[in-house]
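Student: I have a structure open and want to go through it with you. Can we start with the overall picture and then look at individual residues?

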Amino acid sequence: MSTHRQQLSRLERMFGVVDEIRHANERDDRALAEELNERLRALLAESPERLLKTRELADWRFSAETKRESDALTEASLGELRAAALALGPTPSWH
C-alpha cells in the first residue's frame with residue numbers, strides 16, 4: 001500500500017473513532033468515550049500528521065461539566081481530519 005493510501009486510511013480510521021466519541025458524548029457514555037480516546041491515542045501514535053485538535057481531544061477527560069466543550073472539541077477534530085484527508089485527495093466516503 002502506498003504511503004498516500006496509508007495516510008488516508010489512518011485518517012479515515014481516526015475520523016471514525018472521533019465520530020464514535022461524538023456519539024458516546026451525546027449519549028453521556030463517558031466510559032465509552034474514554035475507551036475510544038485510548039484507541040484514538042494509539043492511532044495518533046502512528047501518525048506523522050500535526051493534528052493539534054485531534055491530539056487535544058485524545059487527551060481530553062469527559063465529564064458532565066465539560067460536555068459543551070467536549071462537543072466543540074470533537075467537531076473541531078472532525079473538521080481537522082476532513083481537511084487533512086482532503087489535502088491528500090478525498091475518497092467517496094468523505095463526501
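Student: Among contacts in the chain between residues at least 6 apart in sequence, what percentage join residues at least 24 apart?
Tutor: The figure is 64%. Keep in mind that this is a predicted model.

Student: What secondary structure does the chain have?
Tutor: Four helices and zero strands. Read from the N terminus, the order of elements is α-α-α-α.

Student: How does the radius of gyration compare with that of a compact globule?
Tutor: The two agree, because a compact globule of 95 residues would come out near 12 Å and the chain has 13 Å. Along the principal axes, the C-alpha atoms take up a box of roughly 40 × 25 × 20 Å.

Student: What about burial and surface: how much of the chain counts as buried, and what is its accessible surface?
Tutor: Buried residues make up 38% of the 95. The accessible surface is about 5500 Å², and carbon and sulfur atoms account for 53% of that.

Student: Charges next. How many positive and negative ones are there, and how far apart are their mean positions?
Tutor: The chain has 15 positive and 18 negative charges, and their mean positions lie 4 Å apart.

Student: Now single residues. Where is Thr 54, and is it buried or exposed?
Tutor: Thr 54 sits in helix H3, which covers residues 52-58. Its relative accessibility is 0%, so Thr 54 counts as buried.

Student: Which residues does Thr 54 touch, leaving out those up to four places away in sequence?
Tutor: With those left out, Thr 54 is in contact with Val 18, Leu 40, Leu 44, Ser 77, Glu 80 and Leu 81.

Student: And Asn 37: which helix is it in, and is it buried or exposed?
Tutor: Asn 37 belongs to helix H2, residues 30-45. Asn 37 is buried, because its relative accessibility is 0%. Setting aside residues up to four places away in sequence, Asn 37 touches Ile 21, Leu 57, Ala 58, Trp 60 and Phe 62.

Student: Different topic. How many salt bridges does the count come to?
Tutor: The count is 10 salt bridges. One of the pairs is Glu 49 with Arg 10, with the closest N and O atoms 3.4 Å apart.

Student: Where do Arg 41 and Glu 38 lie?
Tutor: Both are in helix H2, three residues apart, which is about one turn of the helix. Arg 41 and Glu 38 form a salt bridge whose closest N and O atoms are 2.4 Å apart. Arg 41 is partly exposed at 21%, and Glu 38 is partly exposed at 48%.

Student: What does Lys 53 form a salt bridge with?
Tutor: Its partner is Glu 56, with 3.7 Å between the closest N and O atoms. Lys 53 and Glu 56 are both in helix H3, three residues apart. Lys 53 is partly exposed at 38%, as is Glu 56 at 37%.

Student: Which residues do salt bridges with shared partners join into one network?
Tutor: Asp 19, Arg 22, Glu 26 and Glu 75.

Notes. Residues are numbered from 1 along each chain as its sequence is written. This is a predicted model: local features need pLDDT of at least 70, side-chain atom pairs count only at pLDDT 80 or more; totals for chains, interfaces and linings use all residues. Side-chain values use heavy atoms; hydrogens and water are left out. Helices (H or I, at least four residues) and strands (E, at least two) are DSSP runs, numbered from the N terminus. The radius of gyration is taken over C-alpha atoms; the globule rule is 2.2 Å times the number of residues to the power 0.38. Buried means under 20% relative accessible area, exposed over 50%, partly exposed in between (1.4 Å probe, protein chains only). Contact means heavy atoms within 4.5 Å. Accessible areas come from the Shrake-Rupley method with a 1.4 Å probe; for residues, only the protein chains shown count as cover. Lys and Arg count as positive and Asp and Glu as negative; His and the chain ends are not counted. The place of a charge is taken as NZ of Lys, CZ of Arg, CG of Asp or CD of Glu. A salt bridge is a side-chain nitrogen of Lys or Arg within 4 Å of a carboxyl oxygen of Asp or Glu.
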